[in-house]
Amino acid sequence: MITLVTGGTKCGKSGYAEKVLENFRGPKYYIATMNPVGDDADEIIARHRESRRNKNYITLECPRDVDKLDLPIGCGVLLECIGNLCANEMYVGGNIFRPSDKIISNLKSLGETASELVIVTNEVGCDGNSYSADLMAYVSEIAHINSRIAEFADNVVECVYGIPVALKGRLV
């Protein structure tokens, strides 16, 4: 089962994603893709770790190359988040490239390994503003990745002000 959870900033995506795996029996992995850079990175990471405390997740810090993770077949996986993963892959070594094929391939492999895969992403570019060419390329890449995940996901859920709305499939 693959579930894509999307929505805007601080809309309850992470909490809902954790709820999807709440009753999962077996090892649960939290793949944290955030590269701890920037003023608020430590605060965000601490908040997410606190929210997972006592929820039996094995946390794997993996800002890139999620295909290199050695996970047991049949596990539960929560990957947070596509926005970070895309940025980390896209701006490797100062070069800009389009990582969507790599990310989609890696996610499909995770989906074959995991019994339950929950992917958290962001709604970006919905504000109607124009940004630099580099930032617009990033926004476009995330949109492309999100639409491709939605195609093969069993469930697509948008969180709106803390309320999950099923766009495809079902709610937990």
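The structure is a predicted model, in which local features need pLDDT of at least 70 and side-chain atom pairs count only at pLDDT 80 or more, while totals for chains, interfaces and linings use all residues. Residues are numbered from 1 along each chain as its sequence is written, and side-chain values use heavy atoms, with hydrogens and water left out.

The secondary structure of the protein consists of 5 helices and 7 strands, where helices (H or I, at least four residues) and strands (E, at least two) are DSSP runs numbered from the N terminus. Read from the N terminus, these elements follow the order β-α-β-α-β-β-α-α-β-α-β-β. The C-alpha atoms occupy a box of roughly 45 × 30 × 30 Å along the principal axes. Among contacts (heavy atoms within 4.5 Å) with a separation of 6 or more, 76% are made by residues 24 or more positions apart.

Of the 172 residues, 42% are buried, where buried means under 20% relative accessible area, exposed means over 50%, and partly exposed lies in between (1.4 Å probe, protein chains only). A nonpolar core is a set of buried Ala, Val, Leu, Ile, Met, Phe, Trp, Tyr and Cys residues joined through side-chain atoms within 4.5 Å. The largest such core has 29 residues, of which Ile119 and Ile149 touch the most other members. At least two residues of this core come from each of β1 (2-7), β2 (28-32), β4, α3, α4 (100-113), β5 (116-120) and α5 (133-152), and α5 gives the most, with 6 residues. When residues up to four places away in sequence are not counted, Ile119 touches Ile2, Thr3, Leu4, Val5, Leu79, Ile82, Leu107 and Ile149. A second, separate core of 16 residues includes Val5, Tyr57, Val118 and Val120.

In α1 (residues 13-20), 6 of the 8 residues are buried, namely Lys13, Ser14, Tyr16, Ala17, Glu18 and Val20. In α3, 7 of the 9 residues are buried, and these are Ile82, Gly83, Leu85, Cys86, Asn88, Glu89 and Met90. The buried residues of α3 pack against β4, α4, β5 and α5.

Arg52, which lies in helix α2, counts as buried because its relative accessibility is 7%. Leaving out residues up to four places away in sequence, Arg52 touches Glu18, Tyr30, Tyr57 and Thr59; its C-alpha atom is separated by 12 Å from that of Ala32, 20 residues apart along the chain. Asn106, found in helix α4, likewise counts as buried, at 7% relative accessibility, and beyond its neighbours within four places in sequence it is in contact with Val66 and Asp67.

Several backbone features fall in loops. A cis peptide bond, with omega of about -5°, joins Glu80 and Cys81, and Cys81 lies in the loop between β4 (76-80) and α3 (82-90). Asn54 has a positive phi of about 65° although it is not a glycine; this residue lies in the loop between α2 (41-52) and β3 (57-61) and, at 71% relative accessibility, counts as exposed. Asp65, in the loop between β3 and β4, also has a positive phi, near 55°, and is a residue other than glycine.

Val160, Tyr161, Ile163, Val165 and Leu167 form a nonpolar surface patch of about 540 Å². Strand β7 (residues 163-168) gives the most to the nonpolar patch, with 3 residues. Val160 has its place in strand β6 (residues 155-160) and is partly exposed, with a relative accessible area of 33%.

How values were computed: Patches are made of residues with over 30% relative accessible area and no salt bridge: like charges are joined within 9 Å, nonpolar side chains (Val, Leu, Ile, Met, Phe, Trp, Tyr) within 5 Å. Accessible areas come from the Shrake-Rupley method with a 1.4 Å probe; for residues, only the protein chains shown count as cover. A salt bridge is a side-chain nitrogen of Lys or Arg within 4 Å of a carboxyl oxygen of Asp or Glu.
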